[in-house]
Amino acid sequence: QVQLVESGGGLVQPGGSLRLSCAVSVRTFSTIAVGWFRQAPGKEREFVAAITYGGGSTYYADSVKGRFTCSRDNAKTTVYLQMNSLNPEDTAVYYCAADPGGARESRLRRLSSYDYWGQGTQVTVSS
């Protein structure tokens with residue numbers, strides 16, 4: 001059983017930064033790949049970023065590449081999404097999700113690859 005809890009969302013002005021956290025409760029965190037997805041009102045949930053179970057590789061959507069950074073702290077069983085240079089198009093509910101053993105980029109970019117999901121945290125970018 002895997003449980004995920006996101007935190008760190010909020011209201012930020014354009015150009016600002018936020019850091020989201022995803023606390024993962026699982027017996028073997030080091031074998032879990034974690035992805036970040038987001039869903040804006042009226043839109044489908046989309047891939048944002050992912051980090052492999054070893055933390056050796058990260059993948060990003062083109063829309064956030066160069067602005068967002070995904071990292072993990074295995075000691076704290078937490079994955080982070082540092083978001084810089086935020087713009088109103090980044091407004092969405094952000095979800096983290098777990099894929100036990102996931103490593104391949106093509107797999108980690110697919111929403112259907114993930115078995116476990118958090119409840120989401122709202123990020124609003126507005127002046």
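User: Before anything else, what does contact mean here?
Analyst: Contact means heavy atoms within 4.5 Å. The structure is a predicted model.

User: OK. Which residues is Arg-72 in contact with, leaving aside its neighbours within four places in sequence?
Analyst: Arg-72 is in contact with Phe-29, Ser-30, Ile-32, Ala-33, Ile-51, Thr-52, Tyr-53, Gly-55, Thr-78 and Val-79. Arg-72 itself lies in strand β7, residues 68-73.

User: Is Arg-72 buried or exposed, and what about a salt bridge?
Analyst: Arg-72 is buried and has no salt bridge. The nearest side chain of opposite charge belongs to Asp-73, 8.4 Å away.

User: Which backbone oxygens lie by the polar atoms of that side chain, then?
Analyst: The backbone oxygen of Phe-29 lies 2.9 Å from a polar atom of the Arg-72 side chain. For the backbone oxygen of Ile-32, the distance to a polar atom of that side chain is 2.8 Å.

User: Switching to salt bridges. How many are in the whole structure?
Analyst: A search of the whole structure finds six. One of them joins Arg-38 and Asp-90, with the closest N and O atoms 2.9 Å apart.

User: Where do those two sit?
Analyst: Arg-38 is in strand β4 and Asp-90 is in the loop between β8 and β9, so the pair ties together parts 52 residues apart in sequence. Arg-38 is buried, with a relative accessible area of 6%. Asp-90 is also buried, at 1%.

User: What else does Asp-90 meet in a salt bridge?
Analyst: Arg-67, at 2.8 Å from N to O. Arg-67 lies in the loop between β6 and β7, so this pair ties together parts that are 23 residues apart in sequence. Arg-38, Glu-46, Arg-67 and Asp-90 are linked in a network of salt bridges.

User: And Arg-109, which residue does it form a salt bridge with?
Analyst: Glu-105, with the closest N and O atoms 2.9 Å apart. Arg-109 is partly exposed at 30% relative accessibility, and Glu-105 is partly exposed at 35%.

User: Back to β4. How many of its residues are buried?
Analyst: Seven of its eight. β4 runs antiparallel to β9, joined by eight bridges, and Trp-36 stands opposite Cys-96 in β9. Five bridges join β4 to β5, also antiparallel.

User: How many residues are between β4 and β5?
Analyst: Six, in a hairpin, and Gly-42 in the turn has a positive phi of about 75°.

User: Last one. Which residues touch the most other members of the largest nonpolar core?
Analyst: Trp-36, Leu-81, Met-83 and Tyr-94, in a core of 38 residues. Leu-81 touches both Trp-36 and Tyr-94.

How values were computed
Residues are numbered from 1 along each chain as its sequence is written. This is a predicted model: local features need pLDDT of at least 70, side-chain atom pairs count only at pLDDT 80 or more; totals for chains, interfaces and linings use all residues. Side-chain values use heavy atoms; hydrogens and water are left out. Helices (H or I, at least four residues) and strands (E, at least two) are DSSP runs, numbered from the N terminus. Buried means under 20% relative accessible area, exposed over 50%, partly exposed in between (1.4 Å probe, protein chains only). Lys and Arg count as positive and Asp and Glu as negative; His and the chain ends are not counted. A salt bridge is a side-chain nitrogen of Lys or Arg within 4 Å of a carboxyl oxygen of Asp or Glu. A polar contact is a pair of N or O atoms within 3.5 Å; within protein, one must be able to donate a hydrogen and the other to accept it, and residues adjacent in sequence count only if both atoms are side-chain atoms. A nonpolar core is a set of buried Ala, Val, Leu, Ile, Met, Phe, Trp, Tyr and Cys residues joined through side-chain atoms within 4.5 Å. Two strands pair if DSSP finds at least two bridges between them.
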